[in-house]
Amino acid sequence: MRARTDGRHALLVGAGILLSRLVGLVRQRFIASYLGTTFAADALTAAFRAPNILQNLLGEGVLSASFIPVYARLLEDGEDEEASRVAGAIGALLAVVSAIVVVVGIVAAPLIVRVLLWGFTGERRELTIQLVRILFPGTALLVMSAWCIGILNSHHRFFLSYAAPVAWNLAIIGALLLFAGGRSLTGIATLVAWAAVAGSALQLLVQWPTVRRVAPGLRFAFSTANARVRMIVRNFGPVVAGRGVVQVSGYADQLIASLLPVGAVFLLTNAQTLAMLPVSLFGMAVSAAELPAMSRATGTAGEIAGALRDRLAGGLARIAFFVVPSAAAFVAIGNVLAAMIFQSGRFTAADSRWIWTILGGSAIGLLASTSGRLYASVLYALQDTKTPFRFAVIRVALTISLGVMGALVLPARMGLDPMWGIAGLSSSAGLAAWVEFLLLRRAVEARIGTSRVPWQRMATLWGLAALAGAASYALALRLAAVAPVQRGVLVVAAFGVIYIGLAIALGVPEARALVRRLRRRRAS
């Protein structure tokens with residue numbers, strides 16, 4: 001029964017993420033169609049990233065590591081009133097800190113752009129500053145939305161919390177459809193920024209009624225007198241620092257990309273959006289579903305370690321089953337995926353091929369990034385937030401040093417088009433992800449014992465993914481004259497059918513579990 005519940009929770013998270021990500025890809029397709037790889041596209045992409053430091057530092061990742069373990073434990077112990085007091089205090093604290101950061105961000109926008117985007121000059125720089133000032137308040141609303149996610153996840157309301165970003169994406173899509181006609185590139189980028197702020201408010205409002213229903217005693221009260229609130233705030237420190245270190249990596253990538261030809265920032269972000277899809281769907285889905293359950297584990301130290309090992313092993317197997325073929329697809333048919341999703345209007349076939357090079361680099365560390373999230377969740381459940389922070393520092397240092405070499409030094413020495421630097425950035429991030437993953441795995445196994453996917457299973461998955469990739473690549477070549485969307489649907493469907501079909505035939509447990517789940521749904 002527990003395995004079925006775990007799978008159901010991960011499925012709900014995955015369904016919510018899938019819905020929001022698919023709508024997000026539609027949003028990116030519209031933006032790509034209207035802006036192409038122009039200065040305005042670069043400015044809008046960079047402007048979205050700048051205020052996101054607030055969301056990423058105070059948002060879901062921090063709350064998952066510090067707030068959810070404490071809040072979920074209170075609920076497990078039947079202390080609902082205390083849980084509501086703690087949640088209200090943390091919500092008030094986040095609101096105050098977010099408001100302060102928003103004011104600072106609006107005032108300091110020129111300095112932020114100057115520091116983070118050395119390569120931006122002239123019209124591209126001025127537009128980025130304007131857009132950053134518009135977007136900062138919306139990011140504060142997204143922080144409060146992440147607080148709602150923490151509450152909803154602890155009450156096992158997984159689908160709504162991860163589907164809520166659909167509202168944000170629809171606000172942008174709607175604005176482009178209704179108001180983008182006849183506007184200049186600058187005007188379209190500004191329209192998208194204002195629509196994003198409106199979408200942030202919608203995303204929060206969508207979650208609020210359910211939050212009030214599951215936590216009726218919730219009251220905002222700014223106070224650190226409560227011992228559990230102080231515990232969460234203490235845990236904030238290393239987690240915020242860890243998230244901050246990770247953000248340094250993201251901003252370093254953007255800074256390096258700003259030194260590459262116009263359009264590199266936009267291409268890199270679009271490719272990262274695609275690359276993050278399996279990370280979000282499978283790594284985040286499994287980790288988000290498992291963290292509250294891991295945090296509720298009780299008993300002796302040995303019993304807790306055993307429970308965590310079981311959950312970790314099951315989660316790693318589910319992640320590998322879906323992420324291994326995702327990495328293979330990025331390498332084999334990355335251009336087909338990019339063309340299917342982005343290629344229209346000002347976004348050309350050449351742009352799709354550049355995204356393919358980035359996806360190929362991202363495939364290197366895809367499994368490490370997704371599995372690493374689950375290992376980090378084990379440490380968070382054990383109230384250890386400092387170890388993931390130390391490993392994040394190592395990963396970021398590697399990402400930046402390798403990124404400079406791969407993006408700026410090697411292409412120049414090899415006489416390549418400077419745009420190849422964006423592939424160097426994604427490859428360096430993938431290599432660094434493996435180092436962090438190995439460090440996290442060693443730290444977790446030192447605490448709870450060994451828990452891994454058997455190497456025979458991994459070899460089988462990689463073999464099946466390689467066969468599916470080779471077959472789908474051959475099909476893509478035969479369908480070269482077909483329109484991008486239709487071609488993409490056919491090729492991706494073929495890849496999925498081959499991989500899943502072979503996995504079922506060989507008796508891969510996760511494939512059989514998927515079939516059983518589908519049969520139960522049909523029967524119900």
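This is a predicted model: local features need pLDDT of at least 70, side-chain atom pairs count only at pLDDT 80 or more; totals for chains, interfaces and linings use all residues.
1. **The overall picture.** The protein is built from helices: its secondary structure comes to 20 helices and zero strands. Of its 524 residues, 56% count as buried. Take the contacts in the protein with a separation of 6 or more, and 85% of them join residues 24 or more positions apart.

2. **The nonpolar cores.** The largest nonpolar core has 118 residues, and within it L131 and I355 touch the most other members. Helix α13 (residues 301–342) gives the most to this core, contributing 22 residues. Another core, of 25 residues, lies apart from it, and its members include A83, I90, L94 and V214. As background, nonpolar side chains in soluble globular proteins tend to be buried together.

3. **What does L131 touch?** Not counting residues up to four places away in sequence, L131 touches A43, L44, A47, A189, T190 and A193. Keep these names in mind for the next two points, where the helices α2 (residues 39–49) and α10 (residues 185–214) come up.

4. **Helix α2, mostly covered.** Nine of the eleven residues of α2 are buried, so the helix is mostly covered. The buried residues are A40, A41, D42, A43, L44, T45, A46, A47 and F48. Note that D42 is on that list, in among the alanines.

5. **How α2 meets α10.** Two packed helices are described by the angle between their axes and the distance between the axes. For α2 and α10 the angle is about 20°, and the axes are 9 Å apart. Angles under 35 degrees count as roughly parallel, and α2 and α10 are therefore roughly parallel to each other. The crossing of α2 past α10 is right-handed. On the α2 side the contact is made by F39, A40, L44 and F48, and on the α10 side by L185, T186, A189, V192 and A196. By type, these residues divide into eight nonpolar, one polar and no charged.

6. **How α15 meets α17.** Helix α15 (residues 366–381) packs with helix α17 (residues 421–448) at an angle of about 30°, with the axes 9 Å apart. This pair is therefore roughly parallel too, but here α15 passes α17 in a left-handed crossing. From α15 the contact uses L367, A368, S369, S371, G372, Y375, V378 and L379; from α17 it uses A433, W434, F437, L440, R441, V444, E445, R447 and I448. The residues of this contact divide into eleven nonpolar, three polar and three charged.

7. **Is S371 buried or exposed?** S371, found in α15, has a relative accessible area of 6%. Buried means under 20%, so S371 is buried. Leaving aside its neighbours within four places in sequence, S371 is in contact with L316, I319 and F437. F437 belongs to the α17 side of the helix contact described above.

8. **L502, for contrast.** L502 lies in helix α19 (residues 484–505). L502 is partly exposed, with a relative accessible area of 31%. Setting aside neighbours within four places in sequence, L502 is in contact with L464 and L467. The C-alpha atoms of L502 and A465 are separated by 9.5 Å, although the two residues are 37 residues apart along the chain.

Note on methods:
Residues are numbered from 1 along each chain as its sequence is written. Side-chain values use heavy atoms; hydrogens and water are left out. Axes are lines fitted to C-alpha atoms, for helices over the stretch in contact, and angles run from 0 to 180 degrees between N-to-C directions. Helices (H or I, at least four residues) and strands (E, at least two) are DSSP runs, numbered from the N terminus. Angles under 35 degrees count as roughly parallel, over 145 as roughly antiparallel, 65 to 115 as roughly perpendicular and the rest as oblique. A crossing is left-handed if the near helix is turned anticlockwise from the far one by less than a right angle, and right-handed if clockwise. Contact means heavy atoms within 4.5 Å. Ala, Val, Leu, Ile, Met, Phe, Trp, Tyr, Cys and Pro count as nonpolar, Asp, Glu, Lys and Arg as charged, and the others, Gly among them, as polar. Buried means under 20% relative accessible area, exposed over 50%, partly exposed in between (1.4 Å probe, protein chains only). A nonpolar core is a set of buried Ala, Val, Leu, Ile, Met, Phe, Trp, Tyr and Cys residues joined through side-chain atoms within 4.5 Å.
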